[in-house]
Amino acid sequence: SIIQPEAEVATRGPRYQSQRKGIDIPPTYSTFGTHGTSVVVGNVGGYSGTDVPCAHAAKKPTGSFGKLVGQTVAPDSYLKMSGNRGVLPGNDTNFERQTVTEKRAAVPKKEDKPVMGLKSDKNFVVANAVENTLAVPKKQLPPHHPRGVDRATFGKVPSYIETRKDELASNKRNINSAIAAEAKAAEMFHELQASELKELRNGLQSRWDALNREFQTMGFQVETRSKKRRQEQLEAELRSVEAAIDKVKRSHVYVFEDQKL
């Protein structure tokens, strides 16, 4: 509908006030006021009267939020500077420094007149020399500690360095001898030329053909012992020639000159 109903205003009822008197006892399960007693919490039973059935009084005058301040603190009696400073015990006399030697005479003032006519036969140069000679030194010298420069081996090369030098020199000689041996061995090898390599291949192939032809003409049955020995000899020569042919098939072939030894 277009017309809105009027809102009802709730009226406030009377204030609730408990009929029980719980002012003189702590709240139920309260921990206030239990310090110094065997009671962990107070008013566990929830009693509202003054006759709480408990062996210990759970309520104390300073067991809730501390002592009451009241009018015991005066605003104008605060702690002021040097207001509570007293005399330390045992400090009744003035401090006097204990001097080891006697004090020298004070420097004369400008108003003082010097005493005239005084003479002395004292030789101050000799007296000062004797006094300084017989005087006890004020500062003692520190005890002597051994220094590194006082050693007998100071400035000399340690023995382990000499040993290390000998080891390095021996290793260097061994390396140089090995390099020289490798260089000498390299000089005894020379590479075959292309023409020499071709001639060697052709000769090996011709040798293999001749041996193979002779081996094939012998047949499968060998009757005598000499023919059998010849057959075995041909097989060994064929294997050696095939191995040599495999070696010379490479692009670079080196030959060892044992005649230079």
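The legends below describe close-up views of a predicted model.

In this model, local features need pLDDT of at least 70 and side-chain atom pairs count only at pLDDT 80 or more, whereas totals for chains, interfaces and linings use all residues. Residues are numbered from 1 along each chain as its sequence is written, and side-chain values use heavy atoms, with hydrogens and water left out.

**View 1. Overall arrangement of the secondary structure elements.** The protein has four helices and two strands, where helices (H or I, at least four residues) and strands (E, at least two) are DSSP runs numbered from the N terminus. Read from the N terminus, the order of these elements is α-α-β-α-α-β. Of the 261 residues in the protein, 8% are buried; buried means under 20% relative accessible area, exposed over 50%, and partly exposed in between, with a 1.4 Å probe and protein chains only. Among contacts between residues at least 6 apart in sequence, 58% join residues at least 24 apart, a contact being heavy atoms within 4.5 Å.

**View 2. Packing of helix H3 against helix H4.** Helix H3 (residues 194-216) packs on helix H4 (residues 225-248) at an angle of about 155°, and their axes are 10 Å apart; axes are lines fitted to C-alpha atoms, for helices over the stretch in contact, and angles run from 0 to 180 degrees between N-to-C directions. H3 and H4 are therefore roughly antiparallel to each other, given that angles under 35 degrees count as roughly parallel, over 145 as roughly antiparallel, 65 to 115 as roughly perpendicular and the rest as oblique. The residues that meet include Leu-197, Leu-200, Leu-204, Trp-208 and Phe-215 in H3, and Leu-234, Leu-238, Val-241, Ile-245 and Val-248 in H4. By class, this contact of H3 with H4 has 12 nonpolar, three polar and seven charged residues; Ala, Val, Leu, Ile, Met, Phe, Trp, Tyr, Cys and Pro count as nonpolar, Asp, Glu, Lys and Arg as charged, and the others, Gly among them, as polar.

**View 3. The salt bridge between Glu-214 and Arg-230.** The side chains of Glu-214 and Arg-230 form a salt bridge at 2.9 Å, N to O. Because Glu-214 lies in helix H3 and Arg-230 in helix H4, the pair ties together parts that are 16 residues apart in sequence. Glu-214 is partly exposed, at 31% relative accessible area, and Arg-230 is also partly exposed, at 30%. A salt bridge is a side-chain nitrogen of Lys or Arg within 4 Å of a carboxyl oxygen of Asp or Glu, and by this rule the count comes to five.

View 4. In the salt bridge of Arg-147 with Asp-150, the closest N and O atoms are 3.4 Å apart. Arg-147 is exposed at 51% relative accessibility, while Asp-150 is partly exposed at 43%. Lys-249 and Asp-246 meet through their side chains in a salt bridge of 3.9 Å, N to O; here Lys-249 is exposed, with a relative accessible area of 60%, and Asp-246 is partly exposed at 47%.

**View 5. Val-41 and Thr-31.** Val-41 is found in the segment before helix H1 (124-134) and is partly exposed, with a relative accessible area of 21%. Although Val-41 and Thr-31 are 10 residues apart in sequence, their C-alpha atoms are 4.8 Å apart in space.
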